[in-house]
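Keep the viewer open and follow along.

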Amino acid sequence: MSKRHQRLCVEPLQTVFLKFVICIRKSQEQIKVPMNIAMKKRLLTLVLLLSACSLCPTLQAKGDYPYRNAKLPTAERVADLLNRMTLEEKIGQLRCLLAWDYYTLQQNKVYLSDTFKKDIAEGNIGMLWATFRADPWTKKSLSNGLTPYLAAQAANTLQKYAIEHTRLGIPLFFAEEAPHGHMAIGTTVFPTGLALAATWNTDLAETTGQCIARQIRLQGAHISFGPVLDLTRDPRWSRVEESMGEDPVLTACMGAAMVKGLGGGKHSQPYATIPTLKHFVGYGTTEGGQNGCQTIGGLRDICQNFFLPFQKAIEAGATSVMTSYNSMDGMPSTANEWLYNDVLRKRWNFTGFVISDLYSIDGLWHTHHVAHTLTEAGAMALKAGVDVDLGGRAYQRLAEAVEKGWVKECVIDSACARILRMKFEMGLFEHPFVNVRATQDINNTVDKDVALKAAQQLITLLKNQNNTLPLKRNIKIALVGPNADNAYNMLGDYTAPQKEGNVKTVLRGIQSKISMQQIKYVQGCAIRDTANSTIPESVAAARWADVVIAVVGGSSARDFKTNYQATGAAEVNAQQVSDMESGEGYDRATLSLLGRQNELLAALKQTGKPLVVVYIEGRPLQKNWAAQHADALLTAYYPGQEGGQAIADVLFGDINPAGRLPISVPAHVGQLPCYYNKRMPAPHDYVEMKAVPLYAFGFGLSYTTFHYDNLRIEKRGANRFHVTFDVTNTGDRDGEEVAQLYMHDQVASVVQPILQLKLFARIFISKGETKQVAFDILPEDLTFIGADMNPTIEPRPIDVCIGSASDNILLKSTINTE
């Protein structure tokens with residue numbers, strides 16, 4: 001306990017006691033009356049009572065104070081509580097500590113660890129992070145990790161102890177990773193962000209967010225880290241899978257929808273979380289695709305493109321934003337006051353809190369080298385507008401920074417008030433605990449159905465020569481490849497250990513369609529390892545079969561042999577070959593298939609049997625060989641726990657694929673950065689090859705065909721236009737189409753993109769049916785960052801382009817802005 005804390009909590013009672021004793025003794029001396037036994041007993045009782053109170057400040061604080069009155073306005077409660085807090089207590093609310101070692105399990109019961117009790121006794125803590133997390137980094141597995149029931153029990157136990165053993169009894173916030181499902185044992189693993197974006201379905205994104213939020217809150221947590229809104233322009237980056245691709249509008253729409261599902265800022269709702277948007281800003285477009293390095297992009301590009309997803313998500317109700325590890329133009333994001341105090345709070349009226357990425361404040365000192373000490377790094381981040389230190393090491397030294405005059409206590413007050421306000425809004429002071437029995441509703445039938453629907457809708461058909469797909473059910477299939485029956489390779493990074501059978505692999509999916517006698521499965525090779533393979537056995541199976549399905553790609557599956565950095569990023573180890581080639585820390589120099597996968601595909605092709613290639617991947621790997629030689633080609637990204645079933649549903653025609661690429665597939669790494677909405681002029685061809693990608697943003701095939709016609713544009717006010725057109729299903733199957741509206745500025749005072757997505761709609765159309773699609777172009781769709789760095793609408797002609805992909809524009813007209 002600090003001296004300041006002792007002075008506030010103990011000295012008043014000690015002073016009262018001493019004055020009382022002195023007064024009694026003086027009275028004795030003046031009237032010269034000896035103290036009898038009764039008087040001694042009364043004095044002894046008073047001494048013990050006052051001593052107990054002085055040693056237990058918690059008893060003093062937990063009175064009937066205004067901040068405990070739920071009937072008072074939140075602002076009044078925050079002000080009252082803040083006024084009662086010491087500097088150290090306020091700093092404590094700004095520290096979020098790693099918490100997976102704060103409990104132990106004994107005979108299926110949760111006990112508090114000595115580490116937690118020590119941290120509560122010695123320091124002030126406002127938040128806990130990753131309490132329920134299980135993965136090789138935390139060394140929590142199915143044997144020693146928390147089931148949902150035990151997680152709720154742990155949350156209650158930790159919360160109870162913190163409330164009862166701190167002076168003011170402020171409840172803890174529990175923050176959990178949730179980019180594509182709560183990263184904990186027993187929860188639902190949904191498709192990763194890139195995969196979900198491939199559905200182009202905002203309603204589905206919102207529903208997915210609702211499922212994730214409910215599971216988190218049932219276990220006693222409050223803050224969900226996600227969605228990831230970084231724009232990705234270099235697929236070599238290790239975290240592409242977490243993002244929603246390269247486009248600001250698609251990312252903004254899908255991200256905002258997920259935020260609504262996660263709670264939408266309605267903190268008082270029982271299943272609302274506090275979504276934390278990751279990572280502000282420019283983190284997904286760094287030099288060479290290197291995680292956490294310098295961002296490539298000018299200020300205008302940042303303002304016009306990279307800001308949009310975050311701004312729309314905040315408008316949808318997001319109340320927390322996470323900083324990023326990268327720097328922009330020499331300024332580390334975590335120390336960039338312009339981002340947090342100017343853009344977020346002043347321009348966008350953001351009232352939530354900003355949290356650092358794990359140890360990113362420390363990184364100002366030991367990574368970016370812009371601070372001399374950790375104390376200085378903490379002061380820099382706080383003054384920049386970062387409210388919470390994830391990891392808690394830098395902000396532990398904030399009292400020292402105040403003493404040195406590096407930061408004012410009023411800045412700490414403002415940050416602390418934001419945290420307290422949300423704790424009051426979520427009702428934690430009145431209802432800090434959860435019903436542990438309610439956790440049986442986690443990963444229920446509804447959750448699994450949502451995960452399956454998302455997996456079905458994301459699968460993107462890239463090639464289907466001679467209608468190889470869908471497959472008939474009376475055939476023999478050779479199923480080969482490293483991702484054909486590997487549960488963890490379906491899931492992506494930020495995934496907890498899975499119980500046997502929870503994840504549907506492609507093999508299991510196909511087994512649900514045809515008999516075991518019709519299938520021969522051979523792994524063929526690993527993702528990266530070249531020492532062990534069964535390519536000859538794969539070829540033999542292919543010769544036996546009528547059709548070959550090869551499931552290749554990558555993996556973000558962590559294992560207990562991998563080493564991890566303090567931030568949780570995996571370390572590449574040349575002496576050890578796991579499947580992992582993607583996921584945080586696994587940046588790539590190339591995008592080719594690793595190991596002996598290309599050799600496997602070539603050997604299978606030589607059998608002359610129809611070859612269907614399915615990619616399971618965290619980034620758009622090169623598909624040049626498959627595009628040329630495979631009879632059918634699909635990508636399923638990381639489709640989640642129901643992915644294998646969804647892939648089988650598409651292969652056999654029970655689902656007509658309608659996934660569309662949320663990111664361009666480059667033909668060669670020499671094209672990088674490769675994204676469709678580059679500024680004019682259009683890239684020219686290289687000496688060796690064309691400049692266009694192998695597969696463009698927005699592309700995806702169907703088992704049916706569609707025809708676009710009758711484009712009409714009606715002006716409905718200043719810079720408002722109503723657009724309609726017809727889409728007809730001209731094939732022999734029902735199907736879904738993703739209609740996309742792009743714009744091209746014929747002229748503008750600032751160079752604009754060649755093409756920019758503005759609106760889209762995923763629509764179901766029965767065979768032979770025609771549906772009218774309607775879009776409303778609003779002023780915000782016509783706005784760009786002008787020469788003065790402010791949003792503007794200039795009078796200019798703009799081409800409105802309607803199509804099924806960024807490289808397949810089917811209808812076009814021109815509007816004029818004013």
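## Helix 11 against helix 12

Helix 11 and helix 12 run roughly parallel to each other (angles under 35 degrees count as roughly parallel, over 145 as roughly antiparallel, 65 to 115 as roughly perpendicular and the rest as oblique). Their axes, for residues 248-262 and 299-315, come within 8 Å and cross at roughly 20 degrees. Axes here are lines fitted to C-alpha atoms, for helices over the stretch in contact, with angles running from 0 to 180 degrees between N-to-C directions. Helices are DSSP runs of H or I with at least four residues, strands are runs of E with at least two, and both are numbered from the N terminus.

The crossing of helix 11 with helix 12 is right-handed (the near helix is turned clockwise from the far one; a left-handed crossing has it turned anticlockwise by less than a right angle). On the helix 11 side, P248, V249, T251, A252, A256 and V259 make the contact, and they meet N305, L308, P309, K312 and A313 of helix 12. Contact means heavy atoms within 4.5 Å. Sorted by class, that gives eight nonpolar, two polar and one charged residues, where Ala, Val, Leu, Ile, Met, Phe, Trp, Tyr, Cys and Pro count as nonpolar, Asp, Glu, Lys and Arg as charged, and the others, Gly among them, as polar.

## About the model

This is a predicted model, so local features need pLDDT of at least 70 and side-chain atom pairs count only at pLDDT 80 or more, while totals for chains, interfaces and linings use all residues. Residues are numbered from 1 along each chain as its sequence is written, and side-chain values use heavy atoms, with hydrogens and water left out.

## M254, inside helix 11

Staying with helix 11, have a look at M254, which lies in this helix. M254 has a relative accessible area of 0%, so it is buried (buried means under 20% relative accessible area, exposed over 50%, partly exposed in between, with a 1.4 Å probe and protein chains only). Leaving aside neighbours within four places in sequence, M254 is in contact with L196, A197, T199, W200, N201, T202, A205 and M244. C416 is another matter: 162 residues from M254 in sequence, with 31 Å between the two C-alpha atoms.

## Helix 18 against helix 23

L452, A455 and Q456 of helix 18 touch G643, Q645, A646, D649 and V650 of helix 23. By class, the contact splits into four nonpolar, three polar and one charged.

## Helix 8

How far apart are the end C-alpha atoms of helix 8? They are 24 Å apart, which agrees with the 24 Å that its 17 residues (148-164) should span at 1.5 Å a residue; the expected span is 1.5 Å times one less than the number of residues. Helix 8 is mostly covered, with 13 of its 17 residues buried.

## Strand 6: a cis proline and V228

Strand 6 covers residues 223-228 and holds P227. The peptide bond leading from G226 into P227 is cis, with omega near 5 degrees.

V228 is also found in strand 6, and at 2% relative accessibility it counts as buried. Not counting residues up to four places away in sequence, V228 touches E242, S243, M244, K278 and H279. From V228 to D301 is 73 residues along the chain and 19 Å between C-alpha atoms.

The loop between strand 13 (460-464) and strand 14 (477-480) contains P470, and the bond from L469 to P470 is cis, with omega near 0 degrees. N467 lies in the loop between strand 13 and strand 14 too. N467 has a positive phi of about 55 degrees although it is not a glycine, and at 63% relative accessibility it counts as exposed.

N349 sits in the loop between helix 13 (337-347) and strand 11 (353-355). Phi is positive at N349, about 55 degrees, and this residue isn't a glycine either. With 58% relative accessibility, N349 counts as exposed.
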